[in-house]
Amino acid sequence: MKKGQLKPNELSQRFATSIIAQSEVLWTEKLNLPEIELAGPLVKRSINLLIAQSGSGKSLGAFIIGWKEVQNKNFAQMIYFDLDNPNTLVKERYSAFSPSNVVYLNSLDFLRFEDLRSVDGTMREKTKLALALLSEAELPETLVVVDTLQQVSDYNDIKELEKLFSLLRNLTFKGHTVLLLHHKSSKKESQPFKGLSYIFDSADVIYELTPDKDRSGLIRAMTLTNTKNRFATGFNKFVISIDTENTENIRYGENVLFEEELPVKEQILSVLKEHPGI
């Protein structure tokens, strides 16, 4: 044993004494933490997981929630890592949305930044590096969206998942909010999403997205069903009406009647008026 080095029993005693001595300080710090806050369906300063099957509107829902909550001043900005969609998506889908305080990055955009371009490794590693750099930076309260989990980590590799969720947790410790997107499994399994149960255990809030489409196949609304929430504050179900051409029509918590259904509704009301005894 080196000179000055504590014996194992002395180290154990010092550690135990230190914990007990700081008990009241630790308790007081926890009591002084910020209250749980909501931003739309999201719980702020936590890891929110959004799951849905491919093609059901996960990316659309995540972007609209984030964009709306930036407009509502719940976040100073949104940083959206879109690693799952083509580069043309913004022009095709989001041209009517104000880009103010929205940072929208896809894989090609990573080549713009020296800090990422100069690092050898896969796109997964570059994304993890980007998340690590953001967690160390001094930023105003930010919503960080990662689209999707499988583009950043092997969802069947516990070590990769531990590294990813550690980075995401660090972001929440800095006061930011995370929205992580993940594909729903098409198989009838014990869990509704692909990968290890570690994903379920590590997320603070989990929503499963179900789209409502009109007769032409366009998504006009979506319902988020809560399947996990560590907090006492939140929603069991959350409904969002969708309109990518007129952002003023994006609303929360309202039942959406599609335009194609209106004539049917009017006909039913007309029949009821003419035959009140039906």
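Student: How many aromatic pairs does the structure hold, and what makes two rings a pair?

Tutor: The structure holds 12 aromatic pairs. Rings of Phe, Tyr and Trp (its six-membered ring) pair if their centres lie within 6.5 Å; planes under 30 degrees apart count as stacked, over 60 as edge-to-face, and the rest as tilted. The model is predicted, and local features need pLDDT of at least 70, side-chain atom pairs count only at pLDDT 80 or more, while totals for chains, interfaces and linings use all residues. Residues are numbered from 1 along each chain as its sequence is written, and side-chain values use heavy atoms, with hydrogens and water left out.

Student: Why is the pair of F63 and F97 called edge-to-face?

Tutor: The ring centres of F63 and F97 are 5.4 Å apart, with 80° between the planes.

Student: What does the pair of F63 and F97 tie together?

Tutor: F63 belongs to helix α3 (residues 58–71) and F97 to the loop between α4 (89–93) and β5 (102–106), so the pair joins parts that are 34 residues apart in sequence. Helices (H or I, at least four residues) and strands (E, at least two) are DSSP runs, numbered from the N terminus.

Student: How do you know that F63 and F97 are buried?

Tutor: Buried means under 20% relative accessible area, exposed over 50%, and partly exposed in between (1.4 Å probe, protein chains only). F63 has 4% and F97 has 7%, so both count as buried.

Student: What makes F81 and F110 an edge-to-face pair?

Tutor: Their ring centres lie 6.1 Å apart and their planes stand at 90°, so the pair is edge-to-face. F81 is in strand β4 (residues 77–82) and F110 in the loop between β5 and α5 (114–117), so parts 29 residues apart in sequence are tied together. Both F81 and F110 are buried.

Student: Which residues form one aromatic cluster with F63 and F97?

Tutor: That cluster holds F63, W67, Y80, Y94, F97 and Y104.

Student: Why is S46 called buried, and which residues is S46 in contact with?

Tutor: S46 has a relative accessible area of 0%, so by the rule for burial S46 is buried. S46 lies in the loop between β2 (42–43) and β3. Leaving aside neighbours within four places in sequence, S46 is in contact (heavy atoms within 4.5 Å) with T172, H176, T177, V178, D204, V205 and F231.

Student: What makes a space a cavity and not a pocket?

Tutor: On a 1 Å grid over the protein atoms alone, a cavity is a set of points where a 1.4 Å probe fits but cannot get out, and a pocket is an open set with protein on both sides within 12 Å along at least five of seven lines; lining residues have an atom within 4 Å of a point. Grid points are joined across faces, edges and corners, and a volume is the space filled by probe spheres set on the points. There is 1 cavity of 30 Å³ or more, and the largest cavity holds about 40 Å³.

Student: Which residues line the largest cavity, and what classes do they belong to?

Tutor: The lining consists of L42, N48, L49, L50, I65, L179, Y207 and L224. Strand β3 (residues 47–52) supplies the largest share, 3 residues. Ala, Val, Leu, Ile, Met, Phe, Trp, Tyr, Cys and Pro count as nonpolar, Asp, Glu, Lys and Arg as charged, and the others, Gly among them, as polar. By these classes the lining has 7 nonpolar, 1 polar and no charged residues.
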